[in-house]
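This report looks at packing and confidence in a predicted model. The sequence and structure are shown first.

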Amino acid sequence: MNKNFGLVLLLGLPVLALVPAVRPADAAQVQARVSDEHGKPVADAVVTLVPADTAVPSPDLVPSRATAVVDQRDETFVPYVVVVAKGGTVVFRNSDKTRHHVYSFSPIKQFEFVLSPGDSSAPVAFDAPGIAAIGCNIHDFMTAFVYVADTPFVAQTDRDGHAMIADLPPGSYSARIWHPLLRPSAALPAQTIQVPDGGAELSSTLSLMAPPHRDHEHGLY
Amino acid sequence: MGFRRRLTVFLMTTLVLVQALTAASVYTFTRATLIEQGKGQLADAAGLFVRQLDEIGTQVASDVQVLALDFALRQAIAQREHQTVLSALRNHGGRVGAARMMLVGLDGAVEVDTAQPGDTASPVPFAFPGMIDAAAVSGRGASVVAIGGQAFWMVVVPVKAPVPIAFIAVCVPLNDALLNKLQGLAALPKAIELTLEDGGAWRPVAGTAPLLLDHLPKPGAALPAGPLQTVVQGNEELVLAAPLATPGGSPRVVAVLGYSLDEALRQYQPIMVAIGVLLALGLILALAGAMLVARSVARPVELLAAATRRFEAGDYTPPPLLPQEDEIGQLSAGLGSMARAIGEREERIRHQAAHDPTTGLLNRSAFEAALAPVLAARHMSGALVIVGLARLQEIVNTVGREIGDRLLRDAGERLTALIAEAGRVQVGAVGERSFALFLPGLDEYAVRAWAERITQLFDRPYQEGDLTIDSAAVVGIALAPVHGQSTAELLLHADVALMMAIGSETRVAVYDPTIDPHRADHLSLMSDLREAMDQNTLELFYQPKLDLAAGRISGAEALVRWRHSKRGFVPPDTFIGLAEETGNIQRLTRWVLDVGIAQAAAWRQKGLALKIAINLSVRDLADEGLPERVANLLATHGVPADNLVLEVTESAIMGKPDTAIAVLRRLANQGVVLSVDDFGVGQSSLSYLRRLPVRELKIDKSFILKLAETPDDRTIVQSVVELGHRLGYSVTAEGIEDEATLALLAGYGCDHGQGYHIAKPMPADVFNRFLNDARWRGKRLQEAS
């Protein structure tokens, strides 16, 4: 069952990407590759492109009809980062045998509820763009992020650090890359790229913090 | 200082020095070790203290981390409900012992501060932004900080929801209570003080030893890396300043730790006391040992020294032969043989000094010494006998010194044998040819018997080979105590007696003090006599001579009298004999002649025809100037020669050399009348007398004194008178003491009489009165002619 939801999740992005591709006939695509300072591919980085000149028509953001699912298995939120379009909803599901107390104090969306094993939450709607940090009050080490995008040109890197944004009108774009492990004080990496008809490639290097290790078995210290 | 003491002192000094040095080096070493140990301990303690502080920080951080997980708090923080946050922080701050808690936003601004609860409108930046970064990266920031003159543990932890949304900063005061707790937890030094730099001074923050701060360098200067060695209130201390890590923007906070050397040494005090006691015991033992050693070394030396003192006193007993084979042993053996050699030599010298080399008998001084205790102890009578070999000189001259010596030796052996037989004291060789022996408890009679035995002993001649030598022994005897009480006196007097014995027939003489010419008082007497003659204090007495036929005093015999100024009357026999012995008789005779002839002249001037009779000594006859001097005197005074009668004893003229006869003849030729005195007792030979120019015989008074009662005397006197007359001599009788004798003599036809019955000798003035008063008148000049 979990694999089915994973398939849905994986299918979510192409769906998102395919929406604008319906309209302009002369669509281009951007291949993005994100790596860390050591050259290792970085997964779960979110790449967004914002048109930088007026020649590019502002894309219409179609509210997503799909609902993203964030499962909780082995006391881990899966996926770690989920991208939803503004107005999209996320269902939190507990596949563990323990309770989870899911919360978010993020300004874009604050909620909290307890999920008994096997329960799923009601869909949580994210109406404001931004990033919501999701935690479990019972298991502090459990973290997930909901990226609420207000643009259709958004993609999330896979395990190889690759992400593809398709159906782009050629033009000049401002590219932004976000990752949960970016230092809070650091400015988000951004760059302007020209996307020709044939598409473009985007390469970015992130300086990330060490992932918080899951050390609940050894206590907090 | 004696050898033994010096040795003991040296050993003790060495020991004390060594022990003192040992103690000093032990002390120095212990001290140095303690200093090193103290430095190490201080460094360890500083490290421990920092770790303890870190643990406090960690503990606080953990507590705060737990606090930061509180859901409600996180919710309040996330929703910036500052009043809720403030009360929650206050509530939780008490739990972790915090004095102050702050909420710091992700931008570094202080949003909530329990120290300033009202002031949330204008947030101020957090003072230590580095700690925020550390907390963001590593989950916590912890450090000692100084705020407002106080020191705190500042702990900063992020508040995650689940990503960091803010930071909680907690200030735990570092105060005495905390230090006490730390000191209770771990072995921290007692002296520990936290301080911080405050306005150019070290401000004490917490701790037990603020005094230590005075020994830190000035604030702002670099702190020494290692401990300082210094003196705090008279105690030596090691001081270590350990700066605590503080974030940028905070004044320095320093932990100062002290290590008291004195206190550290104090724990060694029992050991020091024990060491001291051991040292003292060791010293006592060593002193005893040193004394024993010194004694064992010095004892033999002292023994030897004592031995040399004995040698000095004359005791040559060898010192105990010490068993050791070292130098002392050799010295002791050497001293022993030296003592023996000296003893033998001294014995030989002593023997030589005390013994006569020829005979081996005691010499004079040794004999005296040997006899002295006998005389002193016993106070007994006895006789000192000297046996002399009168002919020895002659014998030596004839047969030589060697035989003479052997003869002497033989004589000594004979005497020794005789004396030994009688068990008497030993014989001494007191002169070159005389021996002395002492016979105790004998009177004169017994001594004479012994003397007889001695002379008989030498009747047997000495024989050597063909040689036979007759060594005539003479014996002189002095009796103790009458002749002397000391050995020397007795020896002297026995010597005198020996001289007398040589001239005597019996060859034995007992000392006679009256005829001893050597008596000491005689020496002064002679000088007095000479003085008396010079000063005319001698006096001539005159004894009348009666012309028996005429019944007139026809002359006088001049007799010298001496009244000594100190001794009183000195008997004529004494000083005349003395003058003869000492050669003064001629002067005396000269004086008597002077005075006597002058008196005769005086009588003549009074018209008295008195002959003066003067005695001559045998020695006067040796004076060849005598006749001339007599002639001169007679001429000077105008006295006819036949008015002078010179009386000479029989012995004086018998057997004398021709010179004496010649003197007599010359006197006679001058007309001087010569008279033979004491006629009848000597060995006069009438035939010899006949050849002399003698004109008068004076019958010895021994025949006259008892003439009236003794028929023999009467016969002799009558015969002598007749014989004298027939030979042409005038005859005078001496010693007439009664009228009967006077009558008898007158009857016999004796020419002149003299004696007490007529008159005693008297001074010249008395004699003159006697001539006037007596029944016999002095013969007048006219009658004589």
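## Helix α2 of chain B

In helix α2 of chain B, which spans residues 71–78, the buried residues are Leu73(B), Arg74(B), Ala76(B) and Ile77(B). Viewed down the axis of α2(B), these buried residues fall within an arc of 160 degrees, so they line one face of the helix.

The elements covering the buried residues of α2(B) include β7 (100–106) of chain A, as well as α1, α3 (82–96), β1 (100–105), β5 (150–160) and β6 (164–173) of chain B. Just after α2(B), Arg80(B) adopts a positive phi of about 50 degrees.

## Nonpolar cores

The largest nonpolar core comprises 126 residues, and Val47(A), Tyr147(A), Trp153(B) and Ile168(B) are those with the most contacts inside it. Helix α1 (residues 3–68) of chain B supplies the largest share of this core, 12 residues, while domain 1 (5–52 + 152–208) and domain 2 (63–149) of chain A each contribute at least three.

Setting aside neighbours within four places in sequence, Ile168(B) is in contact with Val64(B), Leu67(B), Ala68(B), Met101(B), Leu103(B), Val157(B) and Val159(B). Another core, of 73 residues, lies apart from the largest one and has among its members Leu608(B), Leu616(B), Leu697(B) and Val717(B).

## Confidence in chain A

Chain A has a mean pLDDT of 79, with 77% of its residues reaching 70 or more. Within chain A, confidence is lowest in helix α1 (residues 2–21), at a mean of 37, and highest in strand β6 (residues 89–94), at 93. Across residues 1–25 of chain A the pLDDT is below 50, although this stretch has 31 contacts in the model beyond near neighbours in sequence. Where pLDDT is low, predicted coordinates should not be read in detail.

Terms used. Residues numbered from 1 in each chain as written. Chains lettered and ligands numbered in written order. Predicted model: local features only at pLDDT ≥ 70, side-chain atom pairs only at ≥ 80, totals over all residues. Core = buried A, V, L, I, M, F, W, Y, C linked by C-beta atoms within 7 Å. Buried ≥ 20, exposed ≤ 12 C-beta atoms within 10 Å, placed from the backbone. Helix = DSSP H or I, 4+ residues; strand = E, 2+ residues; numbered from the N terminus. Domains from an automatic or database assignment. Contact = placed C-beta atoms within 7 Å. Arc of directions from axis to C-beta. pLDDT = per-residue confidence, 0-100.
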